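Hi,

Here is the model I promised to pass on.

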Amino acid sequence: MKRQIFAPEHDAFRATVRAFLAREVLPYYEQWEKDGIVSREAWRAAGKQGLLGLAVPEEYGGGGTSDFRYSAVLAEEFTRAGTPGLALGLHNDIIGPYLTSLTTDEQKRRWLPGFCDGSLITAIAMTEPGAGSDLQGIRTRAEDRGDHWLLNGSKTFISNGILADLVIVVAKTTPEGGARGLSLLAVERGTEGFERGRNLDKIGQKAQDTAELFFHDVRVPKENLLGERDGAFVHLMTNLAQERLSIAVSAIAAAEHLLEITTAYVKEREAFGRPLATKQHIRFEVAEMATECAVTRTFLDRCIEDHSIGQLDAVHASMAKWWATELQKRVADRCLQLHGGYGYMSEHAVAKAFTDGRIQTIYGGTTEIMKEIIGRSLLG
């Protein structure tokens, strides 16, 4: 079915993104995977190309558009290229809203120009060794010391953790407040007591630096508080819908691309003197995946449209996230199986998609958490 959500300007932007990937990313990506990190030059190139800060006001160097369809194009093309390591979606769609909606004018002037030109790379630090989706389990704390916060604790599984120049840290500022006693503090590179641990060795997304972060008596200036004191829970819940939609968009794009690759492969690969595509079982496998992708795509495009006009709610974002990522996982497994031994080879696109995509049902809120959110909305 022909997609109806994009206008000519979105198609032109897609061509720009593809050209950027071909010129600035794909020639270097294999080396980045070996290094476990992308180059800072790639971030600056993305800024120069206008791929950073799409929703940031133009006065700070951004794109000045709230149209999420541009972010969707970016996510789709990076997914199809198999290049999750350059985490523009994390920077733009997950962290960007905190820096545009919660910041003071002074904070905007301090951070947003670098955010948009690629000289200031960002991360958000929620997850801890003992706390994942449950915000009440966060133990990192920040004590009010008058003119500053004194931050202590640790975080793990932080994407962009090595490269990040600005880290938004979720910390407990009112110990007895539970999830309602958390605040967002912006910690800048070079702050005394802020240390980075290992660049974690993952099974996929090898080029994307993922780190442990440690905070020991870190003095965070009062002017680095984002939003309201003890307001992190509301701030996080407000922005999680976009984060989950972003993940879902990349998930359906991955599933569709895997199906394309596999459809071409079974037409060429022979078994017992005939192409695999002539076997009924193979045709049924492809038919099932194609149908599931088509139905999911229709729902996701509706979610993209709704979000672009500010009408996507947390429940439908959760539906999109759990359904699309679980579909991606199923399709990756089935497509790998249809490739046989070749699918198990690391250099093959299907194998890379299998390992790169496995995290999708986990980060941004696990599938189980998504179902809980949906169930609560229906059953109270």
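This is a predicted model: local features need pLDDT of at least 70, side-chain atom pairs count only at pLDDT 80 or more; totals for chains, interfaces and linings use all residues.

Residues are numbered from 1 along each chain as its sequence is written, and side-chain values use heavy atoms, leaving out hydrogens and water.

The second largest pocket holds about 520 Å³ of space (an open set of points on a 1 Å grid over the protein atoms alone, where a 1.4 Å probe fits, with protein on both sides within 12 Å along at least five of seven lines; lining residues have an atom within 4 Å of a point; the volume is the space filled by probe spheres set on the points, which are joined across faces, edges and corners). Its lining has 21 residues, with Met-1, Arg-3, Glu-256, Arg-297 and Asp-301 nearest the centre. By type, the lining splits into 12 charged (Asp, Glu, Lys and Arg), 7 nonpolar (Ala, Val, Leu, Ile, Met, Phe, Trp, Tyr, Cys and Pro) and 2 polar (the others, Gly among them). Helix 8 contributes the most, 7 residues (helices are DSSP runs of H or I, at least four residues, numbered from the N terminus).

On the cysteines, there are 0 disulfides (pairs of cysteine sulfur atoms within 2.5 Å). Cys-293 is in none, and the nearest cysteine sulfur, in Cys-335, is 8.1 Å away. Cys-293 is also buried, at 3% relative accessible area (buried means under 20%, with a 1.4 Å probe and protein chains only).

Cheers

Notes:
Helices (H or I, at least four residues) and strands (E, at least two) are DSSP runs, numbered from the N terminus. Buried means under 20% relative accessible area, exposed over 50%, partly exposed in between (1.4 Å probe, protein chains only).
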